[in-house]
Amino acid sequence: MNRSNALLLLSSACLFASTAVAEGWEIKTDLKYTDGAISDVTTYDSGSFDKRKIKQKRKTEVDTLITYTTESRVPELEYIGRVGHLFKRNKDRDLQLNQDGSLKKDKTRTEFDRITYTGLGLRYDTGRVLGADRWLLKARYDRYLHVSYGANMLHEDAKARSGDLKGYEWEIKAIGEYSTPSPALYLHPFIEYKQERLSLWHDDKRDKMQEAEMEQQYEAGLFLSWITPVDGWELTAGPFWQRELDAERAEDETDWTWDDDERWIAHLKLEYEAPISGFEMEFAVEEHLNGGDEGERRYNIELSYEF
C-alpha cells in the first residue's frame, strides 16, 4: 500500500474515532449480469459493400463490500468507511463479415478487471423538506488501491492486453420519500451524479501506453414502491433518465475526447427484509428503452447482512 492510501485509511479512522457515538458493520455482495444489445452495422464505400460488423458485450460483476458506519454528533449524519473488491468479466463479441455473410475476422475476447478499493461515505437524513416525509443525501469517494486488467480467451484475430493502473470514483445522490393516500404506496424521486477516472497505463503485452479514461454519469427518476401484504417484501418500479459521457485521453494529449449518450431505463426491484435482524436481499431488472444501448438488460442480486 502506498503512502497516500495509508494516509487515507488513517485519516478515516481518526475521523470516526473523534465523532462516533454509535457504530455498525455491514457486509454486502452485489452480483450483476448485463446482456448487452447486439449491434449489426453494414457500411458502404462509394455505393459498394465495405464491411459488416457485429458486436455485443456480456458483462458479469461481483462486488464484495465491507462498511463500518458511525453516527456523528450531528443529528441524522453518519460517516461510513468502505473497503471492497470488484471483479468484472466482459465477453466482447466482435465479428467482421464478408458480403456473403461468411466470417472475415473474429476479434472476440474476454476481459477481466480486478479492483481493490477503499473510501469514505456520508449519509444525512434531512427529515421533512420540500413536502417529503424525508430526503436522504448520500455521498462517497472510493480510491482504487489497485486495478488489474487483462484480456484473454482470445479468438483468431483478437489481441491480448494486460496491465495495472490506478483510479477513483465518487458519487453524490439525493433520494426523496413521499407518502400517498394509500399507506402501502410511496413515491421516490431521486437525482444522482457519478464520476470515475482511470489513469494512463502500460500494456505489458504490446509494450505501449494505453489512454486514460473518464466517465461521468447523470441520473434522475421517479420510482413507486409498494409495501406488499406479505411481511418483509417490497416492490419498486419506475423509469429513470440517464446521461453518460465517456472520455479518453492519450499520453501526449491535454484535451479529452468525449462520447455522449442519453437514454431512458425501465427499473423493477423486489426487496426482502428477513425476520432475522440484519439480513436483506434485493433482486432488480433494468432495460434500456432507447439510446446507443437500446435493448440492453441487466440483472442484479444483492445480499447484505448488518452486525
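A residue is called buried here when its relative accessible area is under 20%, exposed when that area is over 50%, and partly exposed in between (1.4 Å probe, protein chains only). The structure is a predicted model, in which local features need pLDDT of at least 70 and side-chain atom pairs count only at pLDDT 80 or more, while totals for chains, interfaces and linings use all residues. Residues are numbered from 1 along each chain as its sequence is written, and side-chain values use heavy atoms, with hydrogens and water left out.

Side chains of opposite charge can pair when their charged atoms come close. With a salt bridge taken as a side-chain nitrogen of Lys or Arg within 4 Å of a carboxyl oxygen of Asp or Glu, the structure holds 22 of them. One of these joins R82 and D142, whose closest N and O atoms are 2.9 Å apart. This pair links distant parts of the chain, 60 residues apart: R82 belongs to strand β4 (residues 77–97) and D142 to strand β7 (residues 134–152). Strands here are DSSP runs (E, at least two residues), numbered from the N terminus. Both partners, R82 and D142, are buried, and they also take part in a network of salt bridges that links them with R140, E169 and E171.

Two further pairs can be described alongside. R109 and E111 form a salt bridge with closest N and O atoms 3.3 Å apart, and both residues are buried. In the pair K269 and E271, the N to O distance is 3.8 Å; K269 and E271 are likewise buried.

Apart from neighbours within four places in sequence, E282 is in contact (heavy atoms within 4.5 Å) with K269, L270, E271, N300, I301 and E302. E282 counts as buried because its relative accessible area is 18%.

What is the setting of E213? E213 sits in strand β12 (residues 212–227) and is partly exposed, with a relative accessible area of 37%. Together with E211, E248, E251, D252, E253, D255 and D259, E213 forms a negative surface patch. Such patches are made of residues with over 30% relative accessible area and no salt bridge, like charges being joined within 9 Å and nonpolar side chains (Val, Leu, Ile, Met, Phe, Trp, Tyr) within 5 Å.

Terms used:
Accessible areas come from the Shrake-Rupley method with a 1.4 Å probe; for residues, only the protein chains shown count as cover. Lys and Arg count as positive and Asp and Glu as negative; His and the chain ends are not counted. The place of a charge is taken as NZ of Lys, CZ of Arg, CG of Asp or CD of Glu. Helices (H or I, at least four residues) and strands (E, at least two) are DSSP runs, numbered from the N terminus.
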